[in-house]
Amino acid sequence: MPPAHRVAVIGAGAAGLAAVKALLDAGVEAVAYEKGDRPGGLWARDNASGLSPAYRSLHLNTSKRRTEFADHPMPRHWPDYPSADLVAGYLADYSTRFGLTGHIRLGTTVTSVERAGEGGWTVTTDSGDTDRYAGVVVANGHNWLPRRPDPAYPGHFAGVEMHAHDYRTPEVFRDRRVLVVGMGNSAMDIAVDASHVARGPVLLSARRGVHIVPKYLFGRPSDATGGALAVLPWRVRQRVAGTLLRLAVGTPQRYGLPAPEGGLFQNHPTISDTILHRLTHGEVAARPGIDRLAGDTVVFADGTSAPVDVIVWATGYQVHIPFLAARWVGDDPEQLPLYQRVFHLDDPSLTFVGLMQSTGAALPVVEVQAKLAAAWFSGGYALPPAAEQRRAVDRALRAAVARWGDRRPRMRIDFDQYLAAVPREIAAGRARLRRGARPFTATTREGSPA
């Protein structure tokens, strides 16, 4: 049997670090496993894991006050939108300040996590070492395995293809004709970077439109404006914020981009001050989706074509949890139902921190998720009965589909609503304990006792 309060954390990025800190604060022994050579995960540019997608020009697209951990504020003298390197240093400081680094096994890849009967969980690493734990926190992130177009576009491309994950500096684009495919934050950043060195305008292709929000609205970080509206129902927020955005910058169609699918706060907006400037100056040119590839030419859905030397697929990432069997994550981890986006419905000793897609920053979300998981593992919180958990998960899915449609609805959360809801859930779990609900033990399984 493993120690009753010894928990494995898989990953030492922002989510894993928050989990280790919360567990230690709650008196739970924590051991983290990190493939890289230092804490920081995806923000630790060029670390040994090879998984970081951070490029030289990368900055936060949420402001520091809406991004920082509550337990570790970002320095006041920092810019509102710090660079990736500053964020990596911030996470390293967080690890050092709270004594987390000594609890992390760096340079260690977890190859399997398996239920060991009533004896907790067995964690196996690439060196063949195994260890036993009462519980597991999965915090391996979901922005490291590139997603490419599937099915692939017809035809053959004779030039260079790369995914945004592999981009670091714009020199790769110098004097080349460049096409960037995608409308997310990385697509916009890369298109802007390339436009300063490429041959001719950089082409920006997308099948779907998104709302483009500048980093500042009316002299304030734009997400601060959104936060001020958080007390309103999201439909009301959508109308108010959408009106402000149109007054400030107009619609994407004004810049030749496709119309967004759905309103603001439904699909994740792209945050950029610079893409609209480059579009209006002709250094970036909008194109529709791709129809086919033809040697050194790309043919677009409207019948136009253009010669291209380099295609950048800024087409996002797959959720991948390779160390867990399909029995735990199914065929598609994006569809994994979790109570409060933390607890596995079949076995709540398996928890997840960071397996979500937020309308705002990730760090405050993983911080409260970590505190919820730690409250459970420390015995200071009780889950509701299994049937109640499943009803709550079903309600959340229905609400997510109504708001966000069929694109990752299981993972979607409203940033401000979620940050307000988790502390209430922790308080409710304490009340359930007082009413006699059973707390966590190493053998707690099948949802939770009624």
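**A close look around alanine 314**

Mentor: Happy to! Apart from its neighbours within four places in sequence, alanine 314 is in contact with Ala164, Val180, Val181, Gly182 and Ala187. Keep in mind as you look that this is a predicted model. Alanine 314 itself sits in the loop between strand 21 (310–313) and strand 22 (317–318). Is this residue buried or exposed? Its relative accessible area is 13%, so alanine 314 counts as buried, the cut-off being under 20%.

Ala187 is one of the buried ones, and so are Asn185, Met188, Asp189, Ile190, Ala191, Val192, Asp193, Ala194 and Ser195.

While you have the model open, have a look at the second largest pocket too, which has a volume of about 600 Å³. It is lined by 23 residues, and those closest to its centre are Ala396, Arg412, Ile413, Asp414 and Tyr418. Helix 10 (386–404), helix 11 (415–434), strand 23 (338–339) and strand 27 (412–413) each supply at least two lining residues. Helix 10 gives the most, with 9 residues. By type, the lining divides into 14 nonpolar, 7 charged and 2 polar residues.

How values were computed:
Residues numbered from 1 in each chain as written. Predicted model: local features only at pLDDT ≥ 70, side-chain atom pairs only at ≥ 80, totals over all residues. Heavy atoms only, no water. 1 Å grid on protein atoms, 1.4 Å probe; cavity = no way out; pocket = protein on both sides within 12 Å on 5 of 7 lines; lining within 4 Å. Points joined across faces, edges and corners; volume = space filled by probe spheres on them. Helix = DSSP H or I, 4+ residues; strand = E, 2+ residues; numbered from the N terminus. Nonpolar A, V, L, I, M, F, W, Y, C, P; charged D, E, K, R; others polar. Buried < 20%, exposed > 50% of the residue type's maximum accessible area, 1.4 Å probe, protein only. Contact = heavy atoms within 4.5 Å.
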